[in-house]
Amino acid sequence: MNKIPSALNLGIRRGGLEIRQFARQRESVVFTLLFPVILLAIFGSVFKDTIAPGVTFSQYFVAGMIASGLVNTGFQSLAITIPMERDVGGLKRLRGTPMPASSYFIGKAILIAVSMIIQITLLFGFGLIFFGVEMPTEPSKWLTFTWLVLLGSACATALGIAFSIVPKSGRGASAVVSPIVIILQFFSGVFFVFTQLPTWMQQLAAIFPLKWLTQGMRSVFLPDSFAAQEVAKSWETGRTFLILVLWLVIGVFFSVRKFKWDRD
Amino acid sequence: MNVIEVKGLKKSYGQVHAVRGVDLSIPAGEIFALLGPNGAGKTTTVEILEGFRSRDAGQISILGFDPQTQGHAARKWRDRIGIVLQSAADAGDLTVIETVEHFSGYYSKPRNVDEVIAAVGLEDKTGALIRNLSGGQRRRLDVALGIIGSPELLFLDEPTTGFDPEARRVFWALIEQLRGDGTTILLTTHYLDEAEALADRVAVINKGLIVEVSTPTELGGRATSKALVSWRDGSQVKTEESDNPTSVIARLTTQFEGEIPELAVTRPSLEDIYLKMIGGVDE
């Protein structure tokens with residue numbers, strides 16, 4: 001008697017399929033992967049000042065772009081594409097098969113992780129060549145970078161899947177999700193220096209994970225001397241970790257408990 | 001043991017009683033058609049059996065499982081059933097063979113991918129992107145995905161909607177082939193001729209209740225119902241209902257001394273019977 005394939009095994013297969021489908025949508029591939037690079041090009045060309053001794057705005061912005069890339073690629077794309085898949089009956093069909101929900105989620109997580117790696121590579125390359133962005137040299141910073149990307153990616157995936165229950169239809173999803181993401185980016189210090197924002201904006205942003213991801217990325221890409229200029233006068237690495245884990249748990253909880261396979 | 005056993009199934013949406021006490025028993029290997037107008041409770045019933053909807057009351061056993069089973073047991077159950085839904089238009093960027101191959105990986109004992117593609121008549125389209133398939137070809141792909149796991153029980157929801165007559169014949173032949181493999185099939189359809197061609201038994205559901213379960217030839221007393229003899233007498237078309245149409249014709253033969261003008265003998269079609277049963281309303 002043959003056994004049903006394991007959830008992890010199917011999840012990996014789904015990941016491969018998701019990547020293949022994504023890669024065939026040429027417009028969205030180019031747009032999704034190059035969007036942070038385009039933004040860096042615009043902001044890097046407009047703001048040529050240094051925001052602190054030895055810290056260019058481009059350097060500050062790269063940190064913000066990686067963080068918000070996680071939100072765009074993970075949260076935003078899933079919260080929009082999953083309702084579209086639901087609209088055309090694709091999710092209902094999957095639910096009728098022995099493939100478990102966890103495999104579907106793993107597949108999405110793999111897709112997001114792979115596109116994040118490509119996006120970051122492009123951003124690094126472009127930043128190094130055209131905007132003199134400096135890469136950290138200490139191994140400890142790369143360690144922080146790695147767990148931030150992994151945890152941030154997982155968090156964005158889980159929250160994107162969880163939020164996919166909110167839009168009623170695929171057509172309306174973008175209108176619901178995009179403004180949230182854009183406002184969050186402004187509030188979280190992606191486009192502006194966070195400490196220059198009004199206090200209420202800072203406090204509101206501190207509830208959501210993007211602010212912490214962005215701050216975490218600054219701890220990687222900015223000199224440690226800059227930490228004194230943060231709101232808490234430190235990078236708050238431990239707190240960042242805890243808040244991201246908390247949001248990951250919230251995202252997974254709602255994804256598992258509330259995921260909608262069908263329109264009604 | 002019956003593959004499908006339903007007793008006293010009920011489901012309401014607020015004040016609307018969609019299903020008001022449905023009983024069904026379907027033995028292994030049978031092709032069973034569920035007929036009914038829109039809003040009769042057909043879709044609700046089938047979706048409850050498929051595990052897509054919860055129920056308010058009643059007992060259900062599908063291959064010995066309750067469709068509300070969760071977790072690993074649910075996976076083992078779904079491994080043995082196949083579902084062809086009304087429409088799915090996803091995965092347009094994948095090819096036919098990629099999709100069928102991927103779905104075959106979900107099951108413990110999948111059919112051969114190439115054989116399934118050939119069985120639904122898509123062997124010339126294996127490398128085509130799904131978004132470039134015609135409506136009928138897409139529908140055949142839906143069926144391929146429904147049978148790839150070699151299900152013991154197959155749910156077919158309006159399988160031939162949008163097919164041209166020839167494609168429907170080809171599809172019917174495929175269903176006959178599945179019957180030969182011993183697959184139990186629950187078919188819902190709007191096409192009475194389809195039910196007549198395929199089903200061993202049909203059930204008519206109306207206003208949330210099963211009106212009758214019978215063979216297509218006996219439904220609504222069809223086999224024993226009176227024949228209608230019609231002919232032309234001068235400028236008038238005359239009709240006569242009779243249990244013995246032959247004697248009517250013999251009488252007419254003497255009356256007309258030979259050929260009877262425009263003679264026709266008809267028995268009610270399945271459609272006539274069906275429309276009568278659901279009160280002549282099929283919105």
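Two strands pair if DSSP finds at least two bridges between them. In this predicted model, an open sheet of three strands in chain B meets that criterion with antiparallel pairing, in the order β2-β1-β4. The edge strands are β2 (16-26) and β4 (57-62) of chain B, each of which pairs on one side only. From one strand to the next, the twist averages 25°. Strand β1 (residues 4-13) of chain B is joined to β2(B) by eight bridges in the antiparallel sense. B:Lys11 has B:Val19 of β2(B) as its bridge partner. Helix α1 (residues 42-49) of chain B lies across β1, β2 and β4 of chain B. This helix runs at about 120° to β1(B).

The two chains also meet. In the interface, 22 residues of chain B are in contact with 22 residues of chain A. On the chain B side, α2 (71-78) and α3 (96-104) each supply at least two residues. The largest share of that side, three residues, comes from α2(B). By class, the side of chain B that touches chain A has 10 nonpolar, eight charged and four polar residues.

A further site is B:Thr183, in the loop between α6 (165-180) and β7 (184-188) of chain B. B:Thr183 has 21 other C-beta atoms within 10 Å, so this residue is buried; the cut-off is 20 or more. Leaving aside residues up to four places away in sequence, B:Thr183 touches B:Pro151, B:Glu152, B:Leu154 and B:Leu178. B:Glu240 lies 57 residues from B:Thr183 along the chain, and the C-alpha atoms of these two residues are separated by 44 Å.

Note on methods. Residues numbered from 1 in each chain as written. Chains lettered and ligands numbered in written order. Predicted model: local features only at pLDDT ≥ 70, side-chain atom pairs only at ≥ 80, totals over all residues. Contact = placed C-beta atoms within 7 Å. Helix = DSSP H or I, 4+ residues; strand = E, 2+ residues; numbered from the N terminus. Nonpolar A, V, L, I, M, F, W, Y, C, P; charged D, E, K, R; others polar. Buried ≥ 20, exposed ≤ 12 C-beta atoms within 10 Å, placed from the backbone. Axes fitted to C-alpha atoms, helices over the stretch in contact; angles between N-to-C directions.
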